[in-house]
Amino acid sequence: MNKPWLSRYPSDVPEMIDPDTYPSLVELFENSVLKFADQPAFLNMGSVMTYRKLEERSRAFAAYLQNELKLKKGDRVALMMPNLLQYPIALFGVLRAGCIAVNVNPLYTPRELEHQLNDAEVETIVIVSNFANTLEQIVDNTSVKNVVLTSLGQMLPTAKGTVVDFVVKYVKGMVPKYDLPGAISFKKALYKGRRLQYVKPFMSGEDIAFLQYTGGTTGVAKGAVLTHRNMVANVLQAKGAYAAKLEEGKELVVTALPLYHIFALTVNGLLFLELGANNLLITNPRDIPTFVKELKKVQFTAITGVNTLFNALVNNEDFHELNFSRMKLSVGGGMAVQQAVADKWKKTTGVFLLEGYGLTECSPLVSGCPHDMVDYNGAIGLPVPSTEVRIVDDEGLPLENTEVGELQVRGPQVMQGYWKRPEATREVITQDGWLSTGDIVKFDDEGFLHIVDRKKDMILVSGFNVYPNEIEDVVALHGKVLEVAAIGEPHDVSGEVVKICVVKRDPSLTKDELINHCRQHLTGYKIPRIVEFMEDLPKTNVGKILRRELRTDAKEAKSA
């Protein structure tokens, strides 16, 4: 197979990696906590946790899961929290116990949470009290038996943690009332676990590490089955792509994207742990002034994020006053990096903003701009080591490198399939292991990949996938709606926003009615920002709504 990108690979980037370097993520973790024991591993709200402390606490949590909750290898444990010290403790505790981590967006509505917990057959959940009210509303409709509850300040020093929790609960009113009888404190779980014996289960690369939920190509959220080998491979692929810029034990990476997001999980949570870095966890990256104040306190060397985050930072006056002398790596993923943002970022920090491309089904990294790039070219980069890519036509037949078609990917990072959905798996993975991405791409003369269009109907809002079927299902619940179609509308800040095209059943229906209805059922970034009422929707001869035609009409109207 012709590999046009290899000639552009930097000389210090390997063509291949060994995905069996670590038998599992547990060995990767054990190697790092031993090697970097007394170095800082995670920093949050001014509190530092060393690799030694991370090892002790995650071992205690693993022992608690094994002995007190009687969890067995392969049991699913949901993690529902923003970036806090509790997250890596719980995550590595779950993995060390041989269990499967199920990351949950804390902003989910009760309906979204119920679907994910039931689909993954979760019996244990670790959750922050801010979101306990959401769980309370649906917990009786799920298989959840064990609730481990924490608070934003629980892992901070006692005095500081008490103040944080008081302000969050009573001053800012960010903890709605809840009633979860039998829930145990995360801190108490660690206390009990320290006195219990941890037994390391036998783990292999083929064991499942994560059920990482995504809509796939279309429809409701599905669990992408990511094994330990998938994740180890992608960590080493990312390391191969960026290692020339990084030094073991000497990096401080800023983690503003939530660790429940696959990009932050693999690159920030796992790659930088393997490198022995200090990881600055930002709990609320939307609060840009506070975020910048946190950055002032440290000499960071690397940062990852999405285009919207980088744009917000470069448009903050205080950010321009920071010391960027030690920064060497900045990576944008989750959505397209805009040239205006990339140019401002380089002018402000002196460091080029490297764009990466991936998808949940690939753990997620598929390609990235090489570390030696200095100018924006609009590409999603070159395939990472040990990754094959090809372009195919509508029938799945390979095209020449000069042609435009759908991107397919094959490599050790490609998921095993969708959790308990064999038909959906067969739709996207061929018998010989090629994953169809749904993105229409082309190669340029240097072997760089460029996205031309999107074959699938997914909407990408600030790096988060939004699936039209889900939006349409919610809107259709409104009694005054006859028909609805959801599409993505280009947006300067978030990349895209959700637009709904609606045919009324009742002429009295208003935009505000629909938006308020959606707020009850959908996470904030999924709520439609644009509502267009239409007499009818374009359809095929068998009655299928043509979303692509609606998108084309919207583009033409905007350019007219």
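Guide: Gladly! This is a predicted model. Let's begin with helix α3 (residues 86–96) and helix α9 (residues 262–274), which pack at an angle of about 80° with their axes 13 Å apart.

Visitor: Which residues of α3 and α9 meet?

Guide: From α3 come Y87, L91 and F92, and they meet L265, G269, L270 and L273 of α9. By class, the contact of α3 with α9 has six nonpolar residues, one polar and no charged.

Visitor: What makes G269 of α9 count as polar or nonpolar?

Guide: Gly is placed among the polar residues by the rule used here. G269 belongs to the contact of α3 with α9, and that contact has one polar residue.

Visitor: Which residues bring α1 and α2 into contact?

Guide: F29, S32 and V33 in α1 meet Y51, L54, E55 and S58 in α2. This contact of α1 with α2 is made up of four nonpolar residues, two polar and one charged.

Visitor: How do you know that α1 and α3 are oblique to each other?

Guide: Their axes come within 9 Å and cross at roughly 125°. The perpendicular range ends at 115 degrees and the antiparallel one starts over 145, so α1 and α3 are oblique to each other. This crossing, of α1 and α3, is left-handed. L25, V26 and F29 of α1 make the contact with F92, L95 and R96 of α3. Its residues divide into five nonpolar, no polar and one charged.

Visitor: How many cavities of 30 Å³ or more does a search of the whole structure find?

Guide: Four. The largest cavity holds about 100 Å³ of space, and 14 residues line this cavity. Closest to its centre are A241, G368, P370, L382 and P383.

Visitor: Which element gives the most to the lining of the largest cavity?

Guide: That is β15, with three residues. At least two residues each come from α8 (228–242), β15 (365–368) and β16 (382–383). The lining has 12 nonpolar residues, two polar and no charged.

Visitor: What makes K70 stand out by its phi?

Guide: Most residues other than glycine have a negative phi. K70 is not a glycine, and yet its phi is positive, about 60°. You will find K70 in the loop between α2 and β3 (76–80).

Visitor: And is the peptide bond from S363 to P364 cis or trans?

Guide: This bond is cis, with omega near 5°. Most peptide bonds are trans. P364 sits in the loop between β14 (353–358) and β15.

Note on methods. Residues numbered from 1 in each chain as written. Predicted model: local features only at pLDDT ≥ 70, side-chain atom pairs only at ≥ 80, totals over all residues. Heavy atoms only, no water. Contact = heavy atoms within 4.5 Å. Helix = DSSP H or I, 4+ residues; strand = E, 2+ residues; numbered from the N terminus. 1 Å grid on protein atoms, 1.4 Å probe; cavity = no way out; pocket = protein on both sides within 12 Å on 5 of 7 lines; lining within 4 Å. Points joined across faces, edges and corners; volume = space filled by probe spheres on them. Axes fitted to C-alpha atoms, helices over the stretch in contact; angles between N-to-C directions. Parallel < 35°, antiparallel > 145°, perpendicular 65-115°, else oblique. Left-handed = near helix turned anticlockwise from the far one by under 90°.
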